[in-house]
Amino acid sequence: MSVSPVVIVGGGPAGLAAAAELRLHQVPCVLLEPRAEVSHRRPRAKTTSVRTMEHLRRWGIAEALRAAAPLPVAWSQRVTFCESLSGQRITDFDGAFGLTTHRDDRFAESGQQVPQPVVEEVLRGHLSGQPGVQLRFGHAATALVQDLDGVTVTVRDDGGAEYLIRTRYVLGCDGAGGVVRDQIEARYVGGSDPRPNFNVVFRAPGLDTALGPAVQYWVVGGATTGLLGRLDLAGIWWAGFPGVEAAYGTAHAGELIAGLIGAPAEYEVLATDPWTARMLVADTFADRRVFLVGESAHVNPPWGGHGFNTSVGDAINIAWKIAAVEQGWAGPELLASYESERRGVVEQTVASAAANMRSLAGDLPADAAVIQRAKHAEFHSLGLVLGYTYSGSPVVQPGGGSGPPPADLSCYIPSAEPGRRLPHAWLPDGRSLYDVLGRGLTLLGPAGADAAGLAAGVVAGVVARARERGIPLTVRAAPDGYPWRDEYLLIRPDQHIAWRAGDPAGIDLDVVTGRKGTG
Ligand SMILES: Cc1cc2nc3c(=O)[nH]c(=O)nc-3n(C[C@H](O)[C@H](O)[C@H](O)COP(=O)(O)OP(=O)(O)OC[C@H]3O[C@@H](n4cnc5c(N)ncnc54)[C@H](O)[C@@H]3O)c2cc1C
């Protein structure tokens with residue numbers, strides 16, 4: 001029987017992200033994934049959010065993803081609503097999905113439009129051959145059994161042979177159709193949209209539009225409604241048809257595409273992908289040493305482009321915590337905080353995506369004002385993407401910032417309340433504040449003091465307490481002009497604020513590292 005500290009079941013975005021985070025913290029893992037290769041004929045997610053891009057930056061692969069992405073951000077940051085690709089423009093949404101070519105103080109990375117298979121390939125490439133990471137493509141988990149000391153996972157390889165792996169933790173990243181959710185007897189709660197959806201990938205090298213570049217074209221108000229966009233700049237396109245049954249779509253794919261184009265065009269259908277929008281959240285995300293991560297825990301409609309990004313957020317949350325426990329500087333309460341921190345984010349995402357689904361292409365008139373009102377939150381959702389909070393978590397300073405979530409999720413207001421993502425800043429030398437945070441905890445102190453001065457001065461006590469506990473603690477001074485430069489902010493590896501204090505003597509490291517509850 002082979003042995004590994006962590007077994008990741010599933011190598012979609014969630015599983016690959018979990019492996020990347022564990023790799024960052026040098027915790028070995030085995031990743032099981034039945035698909036030997038990713039399929040470019042089923043592109044699914046195209047929106048990689050600002051937040052996911054920030055995590056890719058942390059792993060050192062943001063630029064690699066941008067280089068692999070067929071549509072550069074500079075090519076378009078726009079969603080266009082129109083009568084058809086050859087018809088009139090109705091209205092545009094600029095700066096959609098966090099796409100920008102300008103440096104923005106609020107975040108370290110712009111969003112990126114890139115098909116999900118490309119993201120998966122970049123992550124596979126990043127992980128492949130890394131010490132401690134075993135990628136087992138062609139292998140699937142079939143069962144798992146937990147006992148007091150660990151979990152035994154039964155695996156079937158591509159030749160049909162079964163073998164066992166013994167592990168301390170299992171991350172169930174095996175999506176909606178996986179096995180881990182059933183194995184821990186968790187159940188999805190929620191429902192499905194009754195309307196079917198039908199997606200098509202097609203080749204049309206000669207197809208262009210006088211509407212100019214856009215990452216999505218929504219065709220509304222006519223006989224054929226839906227949306228489409230380029231997968232690359234070499235003539236491969238995707239199209240989506242809400243309300244279209246698989247059988248009808250398969251028989252009439254050509255007519256449907258022609259309806260969106262609105263003029264004679266040559267195209268070749270390469271693949272079809274029927275899917276159903278679902279609003280599901282598992283009744284529990286964990287059972288002892290087994291954690292549900294990504295779509296195995298929750299599924300949301302794709303409107304707004306949050307499913308894979310939320311899955312990546314889950315993966316990072318649990319993976320750094322496992323790493324901290326494995327490295328001996330955190331206790332079990334830290335792992336228990338996974339569900340309490342992620343459930344709220346997930347529920348907010350599902351609700352937002354369901355709200356976006358209320359006005360699909362077929363529901364909208366060719367009226368710019370109506371469309372702007374109905375769709376603004378779908379294309380501008382930085383409040384959701386960056387503004388979520390882990391306040392109320394058992395490992396976050398109690399009492400700080402546990403107010404209701406903001407009603408307007410399109411607007412992100414930076415905040416240093418405990419639980420929130422550290423407000424971003426650019427440093428004078430051009431780096432991001434995030435680039436100088438440590439791999440473990442970071443104490444960000446008043447501006448003007450250098451790290452050595454801070455460590456020797458008023459923070460010496462907390463530095464000594466961290467050292468006693470084996471906690472990796474980096475001390476940094478906040479940059480000039482940073483709005484919270486007179487305070488002490490304790491930052492976690494996932495860039496969230498664990499504690500905020502005027503005097504660092506009051507920071508309780510045992511709460512933050514899950515060695516005692518907040519009571
Ligand atoms: C049309 C459409 C458009 C979308 N657009 C977006 C978007 O723009 N932005 C966005 O963020 N999201 C989008 N999504 C959602 C996104 O595709 C999913 O949220 C994402 O794939 C979830 O990632 P995951 O890793 O949790 O699960 P999955 O991608 O489902 O990965 C699960 C993996 O587990 C593997 N597996 C299954 N069973 C086993 C087993 N027994 N053992 C081992 N491995 C197993 C599977 O092979 C698979 O690779 C879209 C979805 C659809 C349908």
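Mentor: Start with Thr-209. Thr-209 sits in the loop between strand E11 (188–203) and strand E12 (216–219). Keep in mind that this is a predicted model.

Trainee: Why is Thr-209 called buried?

Mentor: Buried means under 20% relative accessible area. Thr-209 has 10%, so Thr-209 is buried.

Trainee: Next is Ala-282, in strand E15 (residues 268–282). Is Ala-282 buried or exposed?

Mentor: Buried. The relative accessibility of Ala-282 is 0%, and the cut-off is under 20%. Ala-282 and Ser-296 are 14 residues apart along the chain, and their C-alpha atoms are separated by 7.9 Å.

Trainee: What makes strand E4 (residues 78–82) largely enclosed by the rest of the structure?

Mentor: Count its residues. Four of the five are buried, so E4 is largely enclosed.

Trainee: How do you know that E4 and strand E5 (residues 89–94) pair?

Mentor: Pairing needs at least two bridges between the strands. E4 and E5 have five, in the antiparallel sense. Phe-81 has Thr-91 in E5 as its bridge partner. The two strands form a hairpin, with six residues between them.

Trainee: In which sense do E4 and E12 pair?

Mentor: Parallel, over four bridges. The requirement is at least two, so the pair qualifies. Val-79 of this pairing stands opposite Gln-216 in E12.

Trainee: What holds such partners together in general, through which bonds do strands of a sheet pair?

Mentor: Strands of a sheet pair through backbone hydrogen bonds, either parallel or antiparallel.

Trainee: Now the open sheet. In what order do its four strands run?

Mentor: The order is E20-E19-E21-E22, and the pairing is mixed.

Trainee: Why are strand E20 (473–477) and strand E22 (497–501) called edge strands?

Mentor: Each of them pairs on one side only. From one strand to the next, the twist averages 20°.

Trainee: How do you know that strand E19 (residues 441–445) pairs with strand E21 (residues 488–491)?

Mentor: They share three bridges, in the antiparallel sense. Within the pairing, Leu-444 stands opposite Leu-489, and Thr-442 has Ile-491 as its bridge partner.

Trainee: How many bridges join E21 and E22?

Mentor: Four, again in the antiparallel sense. Here Leu-489 stands opposite Arg-500 in E22. The hairpin of E21 and E22 has five residues between the strands, and Gln-495 there takes a positive phi near 75°.

Trainee: Which residues point each way from E21?

Mentor: Tyr-488 and Leu-490 point one way, Leu-489 and Ile-491 the other. All are buried, and that label stands for under 20% relative accessible area.

Trainee: Let us turn to the cavities. What makes a space a cavity rather than a pocket?

Mentor: A 1.4 Å probe fits in a cavity but cannot get out, whereas a pocket is open. By this rule there are five cavities of 30 Å³ or more.

Trainee: How many residues of each class line the largest cavity?

Mentor: Five are nonpolar, eight polar and two charged.

Trainee: And how much space lies in the second largest cavity?

Mentor: About 70 Å³. Its lining has six nonpolar, two polar and two charged residues.

Trainee: Which residues make Lys-46 and Arg-230 part of the charged count there?

Mentor: Both residues line the second largest cavity. Lys and Arg count as charged, so Lys-46 and Arg-230 fall in that class. Gln-113 and Gln-216 also line this cavity.

Technical notes: Residues numbered from 1 in each chain as written. Predicted model: local features only at pLDDT ≥ 70, side-chain atom pairs only at ≥ 80, totals over all residues. Heavy atoms only, no water. 1 Å grid on protein atoms, 1.4 Å probe; cavity = no way out; pocket = protein on both sides within 12 Å on 5 of 7 lines; lining within 4 Å. Points joined across faces, edges and corners; volume = space filled by probe spheres on them. Axes fitted to C-alpha atoms, helices over the stretch in contact; angles between N-to-C directions. Buried < 20%, exposed > 50% of the residue type's maximum accessible area, 1.4 Å probe, protein only.
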